[in-house]
Amino acid sequence: MDIYESLPIVREFLSTCDWSDSDFTWKKAFVNSVMSNVAYCHISDFELENTTNVNLIPSSEYENSIRTYIETNNKVDIRETLRSAEIDSDILIIESQLAIAAAIRVGEVVFVALRGTEILNIHDWRANLNALKASPRVPLLSEARFHKGFYKGVITFKQRLEEAIDKRFGENIYIYVTGHSLGGAMAAILYGLWRDDDIYNHFHHFPSSRRDKKYGVVSSYTMGMPRYGNLAAVAQYSNPYHILNGKDIVPHVPPKYLGYEDCANIITLDKSLVLRVKYFGYLKYIKSMLSFLTLRKLEHHSIENYVGRVFHEI
């Protein structure tokens with residue numbers, strides 16, 4: 001489901017959903033999935049310097065944005081993209097070499113949509129199956145560990161993003177954190193830090209720092225993300241609603257035998273237990289893993305696939 005087909009539906013759901021309520025709904029999931037796709041439309045200057053690996057980013061909109069720049073020398077303006085669907089928005093972008101963070105405000109809601117760049121793309125970390133972990137706190141105080149690459153990606157923009165949101169959007173906003181693939185893993189970590197890390201988090205919209213509990217960081221929706229932490233991290237930090245397609249191999253890595261654990265809030269698109277290999281058979285599992293390791297594009301992993309599948313659940 002492409003972005004121009006999905007945005008008019010987003011406009012409707014933006015006005016009909018209760019964004020102050022943290023409970024899961026498929027309409028909210030759809031809006032967040034589209035916002036995750038919107039983040040792929042913004043291309044940083046350093047990404048434009050090397051476009052040889054465009055096909056490694058799991059989004060057709062990313063490829064279209066690169067193609068538009070090559071043909072016209074103009075970048076896609078995501079504000080104009082939203083305006084084409086009559087969605088009035090205020091947008092700020094934070095760039096790092098590892099991640100793009102797009103904070104998109106529509107009314108009282110701010111969607112913080114994250115994505116990985118070509119430097120932190122799916123092919124870089126999937127070949128590195130030793131998947132080193134990093135501690136968000138002093139190691140002696142907690143056993144929680146996040147995937148080192150994903151955590152590093154978050155740290156490259158976290159403080160700048162917090163300062164920009166405070167300055168640009170003020171206090172009375174509902175914040176949703178979202179992302180797909182690597183962006184989903186970073187969204188999960190950022191959401192956990194914003195919701196639960198009293199020691200190191202001084203973000204103004206961090207729930208425990210607010211006298212008025214009405215506003216602040218409300219929830220997180222992720223799509224097709226890899227495992228991002230160990231059991232202690234999943235247990236100690238708030239989890240996003242993780243939507244996954246059972247035929248997508250990405251949510252099954254890094255492997256559990258390396259100490260990684262699944263997100264606690266898994267919502268499947270297949271009405272089945274997708275965490276078992278036998279769901280789609282050992283042969284198909286091996287075929288998917290070979291595609292994963294040999295740098296081929298993954299058929300069931302694209303953000304457009306997820307947007308369309310989520311819409312059909314409504």
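How close do the axes of α2 and helix α4 (residues 60–72) come, and at roughly what angle do they cross? The axes come within 7 Å and cross at roughly 25 degrees, where axes are lines fitted to C-alpha atoms, for helices over the stretch in contact, and angles run from 0 to 180 degrees between N-to-C directions.

## Basis of the model

This is a predicted model, in which local features need pLDDT of at least 70 and side-chain atom pairs count only at pLDDT 80 or more, while totals for chains, interfaces and linings use all residues. Residues are numbered from 1 along each chain as its sequence is written, and side-chain values use heavy atoms, with hydrogens and water left out.

## Overall make-up

The protein chain holds 12 helices and 9 strands, these being DSSP runs numbered from the N terminus (helices H or I, at least four residues; strands E, at least two). Of its 314 residues, 58% count as buried, a class defined as under 20% relative accessible area, with exposed over 50% and partly exposed in between (1.4 Å probe, protein chains only). Among contacts (heavy atoms within 4.5 Å) between residues at least 6 apart in sequence, 71% join residues at least 24 apart.

## Helix α2 and its two partners

The angle found for α2 and α4 makes the two helices roughly parallel, since angles under 35 degrees count as roughly parallel, over 145 as roughly antiparallel, 65 to 115 as roughly perpendicular and the rest as oblique. Their crossing is right-handed, a crossing being left-handed if the near helix is turned anticlockwise from the far one by less than a right angle, and right-handed if clockwise. Asn37, Tyr40 and Cys41 of α2 make the contact with Glu61, Tyr62 and Ser65 of α4. By class, this contact has 3 nonpolar, 2 polar and 1 charged residues, where Ala, Val, Leu, Ile, Met, Phe, Trp, Tyr, Cys and Pro count as nonpolar, Asp, Glu, Lys and Arg as charged, and the others, Gly among them, as polar.

Helix α1 (residues 3–16) packs on helix α2 (residues 26–41) at an angle of about 135 degrees, with the axes 10 Å apart, and the two are therefore oblique to each other. The crossing of α1 and α2 is left-handed. The contact involves residues of α1 including Ile3, Leu7, Val10 and Phe13, and residues of α2 including Phe30, Val31, Val34 and Val38; its residues divide into 12 nonpolar, 2 polar and 1 charged.

## Arginine 115

Arginine 115 lies in strand β3 (residues 109–116) and, at 0% relative accessibility, counts as buried. Not counting residues up to four places away in sequence, arginine 115 touches residues among them Tyr40, Glu47, Tyr62, Leu98 and Met186.

In helix α12 (residues 303–311), the buried residues are Ile303, Glu304, Tyr306, Val307, Gly308 and Val310. These buried residues pack against α1, α2 and α4, as well as β6 (174–180), β7 (216–223) and β8 (241–244).
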